[in-house]
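Colleague: Could you walk me through this one before I start on the figures? I'd like to jump around a bit.

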Amino acid sequence: MIKIKTERLIIYPASDDEMKNLISQQTIPELKAAYKEMLDGCLSNPQKRQWYAIWNMVLLNDSETVVGNLSFKGLEADGILEIGYGMNEAFEGQGYMTEAVRAVVSWAMKQDGVKSVEAETEESNIASKKVLEKSGFVFNGKFGSEGPRFVLKNL
């Protein structure tokens with residue numbers, strides 16, 4: 001099992017059961033559908049489940065406390081990997097997401113076939129833009145369905 005440790009976090013792909021539990025607890029229809037799609041990706045691609053799974057972010061000193069989640073949206077044939085993330089409200093503004101994105105993207109860039117990691121964020125989501133910028137992403141001049149598109153290329 002993949003486990004990435006940072007100064008304050010342990011980040012790992014959730015098991016199928018953990019993902020099913022998250023889906024059953026989700027009240028926002030769009031997120032519920034997205035999580036179901038991620039689980040389906042894991043079940044359809046068990047050898048590459050890390051590119052479809054929801055990644056839990058738990059506190060290093062309290063493995064029961066999930067502070068947020070990250071996910072990739074499948075590794076494309078051209079080597080592009082898209083990342084998405086969300087923070088539990090009680091833990092916002094404490095730098096956890098920047099810490100997690102940096103660590104997970106660093107790990108991803110070392111994996112075979114990954115040429116770049118991309119992300120979209122709503123124009124008004126200043127906190128998300130800051131996470132991307134602090135993690136080395138740059139706006140690529142394009143807009144997707146969720147807003148400006150940011151990219152970090154593998155060197």
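Modeller: Trp55 and Phe72 are both buried. Please keep in mind throughout that this is a predicted model.

Colleague: How many aromatic pairs turn up in the whole structure?

Modeller: The search of the whole structure gives seven aromatic pairs. One of them joins Trp55 and Phe72 in an edge-to-face arrangement, with 5.9 Å from centre to centre and 90° between the planes. Because Trp55 belongs to strand β3 and Phe72 to strand β4, this pair ties together parts that are 17 residues apart in sequence.

Colleague: And which residues do ring pairs link into a cluster?

Modeller: The cluster linked by ring pairs consists of Trp51, Trp55, Phe72 and Trp107.

Colleague: What about Phe139 and Phe150, how are their planes set?

Modeller: Their ring centres are 5.9 Å apart and their planes stand at 55°, so that pair is tilted. Phe139 is in strand β7 (residues 138–144) and Phe150 is in strand β8, so the pair ties together parts that are eleven residues apart in sequence.

Colleague: Is Phe150 buried or exposed?

Modeller: Phe150 counts as buried, because its relative accessibility is 4%, whereas Phe139, at 40% relative accessibility, counts as partly exposed.

Colleague: Fine, now helix α4. Which of its residues are buried?

Modeller: In α4, which spans residues 126–134, the buried residues are Ser128, Lys129, Val131 and Leu132. They cover an arc of only 155° around the axis, which means that they sit on the same side of the helix.

Colleague: Why would residues three or four places apart point the same way?

Modeller: An α-helix has 3.6 residues a turn, so residues with that spacing point the same way.

Colleague: What does the buried side of α4 pack against, and what is on the face turned away?

Modeller: The buried residues of α4 pack against β5 (80–87), α3 (96–109), β6 (116–120) and β8 (147–153), while the face turned away from that buried side carries the exposed residues Ala127 and Lys134. After the helix comes Gly136, which has a positive phi, near 95°.

Colleague: Lys129 is on that list of buried residues. What does Lys129 touch?

Modeller: Not counting residues up to four places away in sequence, Lys129 touches Thr121, Glu122, Glu123 and Phe150. Lys129 counts as buried because its relative accessibility is 15%, and the cut-off for that class is under 20%.

Colleague: Back to the strands: where is Asn56, and what does its side chain make a polar contact with?

Modeller: Asn56 is in strand β3, residues 54–59, and its side chain makes a polar contact with the side chain of Asn69 at 2.8 Å. Asn56 is buried, with a relative accessible area of 7%. Apart from neighbours within four places in sequence, the residues in contact with Asn56 are Ile10, Ile11, Tyr12, Ala14, Glu18, Val66, Gly68 and Asn69.

Colleague: And Ser71, buried or exposed?

Modeller: Ser71, which is placed in strand β4, counts as buried at 7% relative accessibility. If neighbours within four places in sequence are set aside, Ser71 is in contact with Met38, Ala53, Ile54, Trp55, Glu82, Ile83 and Gly84. Ser71 and Pro13 are 58 residues apart along the chain, and their C-alpha atoms are separated by 8.5 Å.

Colleague: Last topic: where does Gly95 lie?

Modeller: Gly95 lies in the loop between β5 and α3, and Gly95 is partly exposed, with a relative accessible area of 35%. Gly95 and Leu31 are 64 residues apart in sequence, with 23 Å between their C-alpha atoms.

Colleague: Which ring does Arg8 lie over?

Modeller: Arg8 lies over the face of Tyr96, at 4.1 Å from the ring centre.

Definitions and conventions:
Residues numbered from 1 in each chain as written. Predicted model: local features only at pLDDT ≥ 70, side-chain atom pairs only at ≥ 80, totals over all residues. Heavy atoms only, no water. Helix = DSSP H or I, 4+ residues; strand = E, 2+ residues; numbered from the N terminus. Buried < 20%, exposed > 50% of the residue type's maximum accessible area, 1.4 Å probe, protein only. Polar contact = N/O pair within 3.5 Å; in protein donor to acceptor, adjacent residues only side chain to side chain. Contact = heavy atoms within 4.5 Å. Arc of directions from axis to C-beta. Phe/Tyr/Trp six-rings, centres within 6.5 Å; stacked < 30°, edge-to-face > 60°. Lys NZ or Arg CZ within 6 Å of the ring centre and 35° of its normal.
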